[in-house]
Every structure is written in structure tokens, then in C-alpha cells.
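Subject: Structure for you to look at

Hello,

Here is the structure I said I would pass on. Please open it and keep it in view while you read the notes below.

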Amino acid sequence: MVVHPFIQEKYHETKGRNHVVLFQPQIPANTGNIARTCAATNSPLHIIKPMGFPIDDRKMKRAGLDYWDKLDISFYDSLEEFLGKCQGQLHLVSKFAQETYSDVNYADDKNHYFIFGREDKGLPETFMREHTGEAIRIPMNDQHVRSLNLSNTVCMIVYEALRQQNFANLDLVHTYEHDKLK
């Protein structure tokens, strides 16, 4: 696999982290925005191929800004390959789930893997049927809107998990002195 210069692939399994998993992402700007959120929250990003765009897509690179080198990112050729390496609690994000994402307890030492489906099709139906107990949803008026934006959804769920974890390892206060130290 060729990894482009703006991405440094690394796989670090650390206990008690929130992992973002994108299944066959289709929109480069969404993936770039999600990468930026992952870099800001110390959340590893896992991408299951195929992707709907080349990894070096200009729009994705721009959306992720200059944070690609600060990102813990891994690529997988299939969902099965990812599941073989996953060590933690799965959370499948779907509008068809019964449990609301904010009702789940993420304040433990487990690795939490939030799996998000394709922007156009979601997660495979057979996979969803096999894992209904791990599915979570964001409440919405789905009579008028088919789905929420993927990058917004990732942000909401990751920050709910971080809130329950008291924003561990994140800066809670930003000062001008902080900028001077960098």
C-alpha cells in the first residue's frame, strides 16, 4: 500500500481511546474534516476501503489542513480485516438503531470503536443485523431528512464520549501563554 507524504500511517493500540472507523468513505471533504476532529481529540482514524476518491485528493487534504502528520491513521482492505484487529467495544452508528448515543456509558477503560457507514448507503445490512445490540443513533426528524452530515455526526459522538471521560488528555483551557510555548 502506498501512503502519501501528507499522511503518516501508524497503529497504536492504547487502552481507553475513542476510535473513529469510516467504512468506505465517499466524500473527501467529510473525510478531511473527520481527520481534523480525530487529530484534535487524539482519536485514531481507521479507514476501510475502497474509498470513493484517491487518498491524496486535494479537497481531503485541504479539509484536514496541516494536521495529517498528527493523525493516528490505519487503512484496511475489508471490514473483516478491520474486525480481526479491533480490540474493544464496537458502536455502529445508524439511524435504524434503537439506543441513543448519549445513553451509552463510554467512561470506562475500554477502547470504543465508532463505526460510520458510507455517506450514500450506510453500513452493510447483513453486518448491521449481526450487531444490532451494538448500534447507536442520534435522534433526528428522519421524516424530513434522510441523514445527518457524516463529519458532524462523528464530532457529536466523539465529544459525547470525551465528555463522559472528563475530556481526558485534552486542553480544557487555552491561553496566550500556551501559544507562546509552541
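An axis here is a line fitted to C-alpha atoms, for a helix over the stretch in contact, and the angle between two axes is taken between their N-to-C directions. Please bear in mind that the model is predicted.

First, a pair of helices. Helix H1 covers residues 28-41 and helix H5 covers residues 150-164; their axes come within 8 Å and cross at roughly 15 degrees. Angles under 35 degrees count as roughly parallel, so H1 is roughly parallel to H5. The crossing of H1 and H5 is right-handed.

Which residues make the contact? From H1 they are Asn30, Asn33, Ile34, Thr37 and Thr41. H5 brings Leu150, Ser151, Val154, Cys155, Val158, Tyr159 and Leu162. Sorted by class, the residues of this contact are seven nonpolar and five polar, with no charged ones.

Next, the largest pocket. Its volume is about 790 Å³, and 30 residues line it. Nearest the centre of the pocket lie Val93, Ser94, Lys95, Phe96 and Gly122. Which elements give two or more residues to the lining? They are helix H4 (125-130), strand E7 (135-137) and H5. H4 gives the most, with three residues.

By class, the pocket lining has 12 nonpolar, nine polar and nine charged residues. The contact of H1 with H5, by comparison, has no charged residues.

Regards

Terms used:
Residues numbered from 1 in each chain as written. Predicted model: local features only at pLDDT ≥ 70, side-chain atom pairs only at ≥ 80, totals over all residues. Heavy atoms only, no water. Axes fitted to C-alpha atoms, helices over the stretch in contact; angles between N-to-C directions. Helix = DSSP H or I, 4+ residues; strand = E, 2+ residues; numbered from the N terminus. Parallel < 35°, antiparallel > 145°, perpendicular 65-115°, else oblique. Left-handed = near helix turned anticlockwise from the far one by under 90°. Contact = heavy atoms within 4.5 Å. Nonpolar A, V, L, I, M, F, W, Y, C, P; charged D, E, K, R; others polar. 1 Å grid on protein atoms, 1.4 Å probe; cavity = no way out; pocket = protein on both sides within 12 Å on 5 of 7 lines; lining within 4 Å. Points joined across faces, edges and corners; volume = space filled by probe spheres on them.
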